[in-house]
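Subject: Handover of a two-chain model

Dear colleague,

Please find the structure below, handed over for your own work. My notes on what was found in it follow directly after.

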Amino acid sequence: MTDNNQPDTATALPGISPDGPRIGIIRYGAGNIFSLTAALERLNIPYGMVYTETDFEKFDRYIIPGVGHAGAAMNKLEQTGLVPKIKALKKPTLGICVGMQLLTSWSEEGDADMLNIFPVKTLKFAGNTTFKVPHTGWNQVYQEKENPLFKNIPAGSHFYFVHSYFIEYDHLYTLSSTSYINKFSASIWLDNFYGVQFHPEKSGVYGETLLTNFSKI
Amino acid sequence: MLAKRIIPCLDVKNGRTVKGVNFVDLRDAGDPVELAWNYSQQGADELVFLDITATVERRKTMVELVKAVARQINIPFTIGGGINEIADADALLNAGADKISINSAAVRNPALIDELAKAFGVQFVIVAVDTRVMDDKNIVYLNGGRLPTEKQTLEWILEAESRGAGEILLTSMDHDGTKSGFDNGLLTLVNNAVNIPVIASGGAGSVQHFVDVFQQSEVDAALAASVFHYGEILIPDLKSALKAHQIEVR
């Protein structure tokens, strides 16, 4: 932990293994990505930034980050003009938190249409004094399907969540589930598209395992 | 099940931890990053850094610290102290902080809660409340429990929730430093009144105090400083004890 290899974010492409997989982080002005890039650097996973359509060619997989308001995030994504390109992607693509919610058809947050890659909805938790909202903290994740994203991650491992909206459970698209108030999608999967509701970059060793797994899918 | 969270709190001044720490295996107990890393390895669920720097350079110093922590630590962390405006919070968010905690700035300007929640989402905003009993009433205090306000504690917490607080960090100044246990009565009252997570703080002295606060008040998290820093309670031991009492932990 003491080696001070200055991971200074922005557009740096720390090409540790130039032939290895490179992750392009899709930038659309929503949320901070410092923790995500710091995690990728700890894991020696090369990454760079995607701002324009031509940037997609530099990478062989993508992450869509995001925190905050899903409707506002979708607005910002639309303003980039990257939506048709994202929907047509054939390479592995992982949405994190609000970045995952963008992949769904609709979000109750802002009553907003999303990318509709997954025909499932993003809904608001009905909180109360027993089940607080935001759903904040470490909760257990159970795989519903076999997929390399969860390789070496035991069923019931804890991941860090912080969200007020959830993606409904769907037996076709739910890759792993978590229960809080109701059972919901902790992760979703369709072809090359993945989404995780928790924050792998903040979820200890298993979160790091998941990011490493994604870099090898 | 959602796990109850254990949160060590580190006081930081000019980029260095200030409360005594006696981890034998630390090379530099004043280095907040090394201390934070040590806690994350022990199984802490989250960390709070409370900045007590009082210089004009504070934001710059804090941003550097937050970046250093975010580079090395794989669990969430909160920054509190000296956040008075959106720009403070924005700088900390972009440096990798997961949440910010506001206390006196929110009491003096409650609309700050609304502004922060709107700008960054409720999940980013912890409202910290220092409370003390005066004339049989729980009153909000400022300046580390020295300055009473006009606000009643529960009323203020409900207002903070309605304005967009995503979490409440409630410190009993009567219990803080006594090691006599958390204020389970007040915590129960507050926890049963709000729909957002509550972090208990003030009074932790033994493992049993953590068992009590989770069993009696059902709060979502418990925070402590010196019992962890001085090694009086080791987090793995604490987690084992909580588990033995059927309290869900990670």
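In chain A, UniProt (unreviewed entry) places the feature "domain: Glutamine amidotransferase" at residues 29–214; UniProt positions are given in the numbering used here, feature names are shortened, and annotations may be inferred rather than shown by experiment. Over residues 29–214 the chain is 22% helix and 32% strand, with the end C-alpha atoms 23 Å apart. Helices (H or I, at least four residues) and strands (E, at least two) are DSSP runs, numbered from the N terminus.

This is a predicted model, in which local features need pLDDT of at least 70 and side-chain atom pairs count only at pLDDT 80 or more, while totals for chains, interfaces and linings use all residues. Residues are numbered from 1 along each chain as its sequence is written, chains are lettered from A and ligands numbered from 1 in the order in which they are written, and side-chain values use heavy atoms, with hydrogens and water left out.

Helix α1 of chain A

Eight of the nine residues of helix α1 (residues 34–42) of chain A are buried, so the helix is largely enclosed by the rest of the structure. Here buried means under 20% relative accessible area, exposed means over 50%, and partly exposed lies in between (1.4 Å probe, protein chains only). Among the buried residues are A:Phe34, A:Leu36, A:Leu40 and A:Glu41. After α1(A) comes A:Asn44, which has a positive phi, near 55°.

The interface

Chain A contributes 35 residues to the contact and chain B contributes 42 residues, where contact means heavy atoms within 4.5 Å. The two chains bury about 3100 Å² between them, 54% of it on carbon and sulfur atoms; buried area is the accessible area (1.4 Å probe) that two parts lose on being put together, summed over both. Between chain A and chain B the count is two salt bridges, a salt bridge being a side-chain nitrogen of Lys or Arg within 4 Å of a carboxyl oxygen of Asp or Glu. In one salt bridge, B:Asp220 pairs with A:Lys132, with 3.1 Å between the closest N and O atoms. Both B:Asp220 and A:Lys132 are buried.

Other salt bridges

Over all chains, the count comes to 17 salt bridges. A:Lys85 and A:Glu57 form one of 3.3 Å, N to O. That pair links distant parts of the chain, 28 residues apart: A:Lys85 is in helix α3 (residues 83–87) of chain A, and A:Glu57 is in the loop between β2 (47–50) and β3 (61–64) of chain A. A:Lys85 is partly exposed at 23% relative accessible area, whereas A:Glu57 is exposed at 56%. A further salt bridge joins A:Asp60 to A:Arg61, with the closest N and O atoms 3.2 Å apart. In chain B, salt bridges that share partners join B:Arg5, B:Glu46, B:Lys99 and B:Glu167 into one network.

Annotated positions in chain B

The UniProt annotation "active site" (unreviewed entry) covers B:Asp11 and B:Asp130. B:Asp11 belongs to strand β1 (residues 5–13) of chain B and is buried, at 14% relative accessibility. B:Asp130 belongs to strand β6 (residues 125–134) of chain B and is also buried, with a relative accessible area of 12%. Residues up to four places away in sequence aside, B:Asp130 touches B:Asn103, B:Ile139, B:Val140, B:Tyr141, B:Gly144, B:Thr171 and B:Met173.

Surface and loops of chain B

B:Val18, B:Leu50 and B:Ile52 make a nonpolar surface patch of about 220 Å². Patches are made of residues with over 30% relative accessible area and no salt bridge, like charges being joined within 9 Å and nonpolar side chains (Val, Leu, Ile, Met, Phe, Trp, Tyr) within 5 Å. Accessible areas come from the Shrake-Rupley method with a 1.4 Å probe; for residues, only the protein chains shown count as cover. B:Ile52 sits in the loop between β3 (47–51) and α2 (58–72) of chain B and is partly exposed at 40%.

B:Gly205 is in the loop between β10 (198–201) and α8 of chain B and is partly exposed, at 22% relative accessibility. Leaving aside neighbours within four places in sequence, B:Gly205 is in contact with B:Lys179, B:Val227 and B:Ile233. The C-alpha atoms of B:Gly205 and B:Ile139, 66 residues apart along the chain, are separated by 24 Å.

Yours sincerely
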